[in-house]
Amino acid sequence: MKNSKLWETKISGVSLPLYLGLLIILIITIAMAKLPLNMVGITFMLIILGHLFYFIGEKLPIFNSYLGGGSVFTLIGASVIASLGWIPKDVITATSQFMDSWGFLDFYIAALICGSILGMNRDLLVKASARFIPISLVSMVIGFFAVGGMGILLGQGFGHSVMYISMAQMAGGIGAGIVPLSKIYAGALHASSGTILSQLAPATTLGNILAIVGAIFIAKAFEKTKYNGHGVLISVSKDQLVKPKITLDATKIGVGLMFAFALFLVGKIFNAFVPSVHSYAFMILIVFILKACNAVPKALEETVVMFNQVIMTNLTHAVLAGIGLAMIDLSSLAHAMTWQFVILSLTSVVAMGLASALLRKFFGLYPVETAIGAGMINNSMGGTGNIAVLSAANRMEMIAFAQMANRLGGAIVLILGGILIQFFH
């Protein structure tokens, strides 16, 4: 006789016994070195591990209430099993390629950005954006000088602190952030970009982790206060928050996929003419203009929102698992970990969070959302880091704003990096 409790326990809609069977299949194929290192094998692995870690994190006492629950546990769990060598190196390498070179993140982020902007109230989007961007940029300036000042106090020097910690954390991630930044530094210093990249990477990783912890702390501490906008930046009427109910339709989801990807490709076209501006930034700008001008028919908007809902529901945990496996290197982070390094990294996150929370008073935004979305999140690893921070704080509605600030701020950091390295080396 079946144990009803076991069969009633479900992980993302799958009964526990069946899920364990899927997990066993994954373990056997990895142990036999038969896991296909392509879209089929890597997707299956990330979905199975992502949903499992998320389920565990949501059930663990204390962890689920104070340490970010499933989202953070998925990141940590995946990075731990990668560091312990439980996942073969060739699988980790393939996962890294899948996330970046093969475009899994592009797939996810295109659905996320297009769906979140087109599904948003038009008036809310326009009003919040005009107030959000200035706060984000000013908080980055404050964070820069706060880290430099702390560097002087700790004997690390202003120049080293801002160039290798502050700028690394605000560069907008790895591929579009510290990789080009390391090349910029290398060109000015006549050094190896690989050596410089190894100095920048720990700050990017730790900054993201501290941003996650800070976002969780703020979200929990102010959960039942008037300072909490519950994922909305600006105070709005109840009518503006109401979203029409959408019934999922297989054909319409396909239409939404095509339209979202078409907008992503338009961003790529613009990026070809202006390489210094990331294609995500162009895509955000294009979708923003379309929404602000009411240029997209309501029926077409709904198809993109449907596509967004399907991807968010089924792939968010897989993305978090991929970030943990391939993009968070615990060994290099541990090697670079000194108390001065931790304090400088923490200074950036705290200073930017506080600055944005205080500045929001002049723009009429909610402090919790502003501190997370305009301040702390600019210490994240770009698109992947934004997802990790907002998922942990349960504020994925803000992904478009976070991406906007992250990409704009990252581009500015790269420009300033080339200028400032001439003086601080």
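Residues are numbered from 1 along each chain as its sequence is written, and the side-chain values use heavy atoms, with hydrogens and water left out. Because the model is predicted, local features need a pLDDT of at least 70 and side-chain atom pairs count only at pLDDT 80 or more, while totals for chains, interfaces and linings use all residues.

The protein is divided into two parts, domain 1 (2-100) and domain 2 (104-424). The domain bounds come from an automatic or database domain assignment. The C-alpha centres of domain 1 and domain 2 lie 25 Å apart. The two domains touch: 29 residues of domain 1 are in contact with 24 residues of domain 2. Contact here means heavy atoms within 4.5 Å.

Helix α7 covers residues 104-118. Helices (H or I, at least four residues) are DSSP runs, numbered from the N terminus. Helix α7 has 15 residues and reaches 21 Å from its first C-alpha to its last. That is close to the 21 Å expected at 1.5 Å a residue. The expected span is 1.5 Å times one less than the number of residues in the helix. Of the 15 residues of α7, 13 are buried, so the helix is largely enclosed by the rest of the structure. Buried means under 20% relative accessible area, exposed means over 50%, and partly exposed is in between (1.4 Å probe, protein chains only). L105 is found in α7. L105 is buried, with a relative accessible area of 8%. L105 and G417 are 312 residues apart in sequence. In space they are 26 Å apart, C-alpha to C-alpha.

M163 lies in helix α9 (residues 158-170). M163 is also buried, with a relative accessible area of 0%. Not counting residues up to four places away in sequence, M163 touches A168, Y185, L200, G417, L420, I421 and F424. A272 lies 109 residues from M163 along the chain. The C-alpha atoms of M163 and A272 are separated by 28 Å.

A search of the whole structure finds three salt bridges. A salt bridge is a side-chain nitrogen of Lys or Arg within 4 Å of a carboxyl oxygen of Asp or Glu. One joins the side chains of E301 and K291 (3.3 Å, N to O). E301 lies in helix α15 (residues 298-326) and K291 in helix α14 (residues 279-292), so the pair ties together parts that are 10 residues apart in sequence. E301 is buried, with a relative accessible area of 4%. K291 counts as buried too, at 3% relative accessibility.

E301 also meets K298 in a salt bridge (3.5 Å, N to O). E301 and K298 both lie in helix α15, three residues apart, about one turn of the helix. K298 is exposed, with a relative accessible area of 53%.

Another salt bridge links the side chains of E369 and R395 (2.7 Å, N to O). E369 lies in helix α18 (residues 367-375) and R395 in the loop between α19 (382-392) and α20, so the pair ties together parts that are 26 residues apart in sequence. Both E369 and R395 are buried. Elsewhere, salt bridges that share partners join K291, K298 and E301 into one network.

A nonpolar surface patch of about 560 Å² is made by L408, I412, I415, L416, I419 and F423. Patches are made of residues with over 30% relative accessible area and no salt bridge; like charges are joined within 9 Å, and nonpolar side chains (Val, Leu, Ile, Met, Phe, Trp, Tyr) within 5 Å. Accessible areas come from the Shrake-Rupley method with a 1.4 Å probe, and for residues only the protein chains shown count as cover. L416 has its place in helix α20 (residues 399-420). L416 is partly exposed, with a relative accessible area of 38%.

Most residues other than glycine have a negative phi. A33 has a positive phi of about 60 degrees although it is not a glycine. A33 lies in the loop between α2 (16-31) and α3 (39-59). A33 is exposed, with a relative accessible area of 65%. Phi of N394 is near 60 degrees, a positive value in a residue other than glycine. N394 has its place in the loop between α19 and α20. N394 is exposed, with a relative accessible area of 61%.

Terms used:
Helix = DSSP H or I, 4+ residues; strand = E, 2+ residues; numbered from the N terminus.
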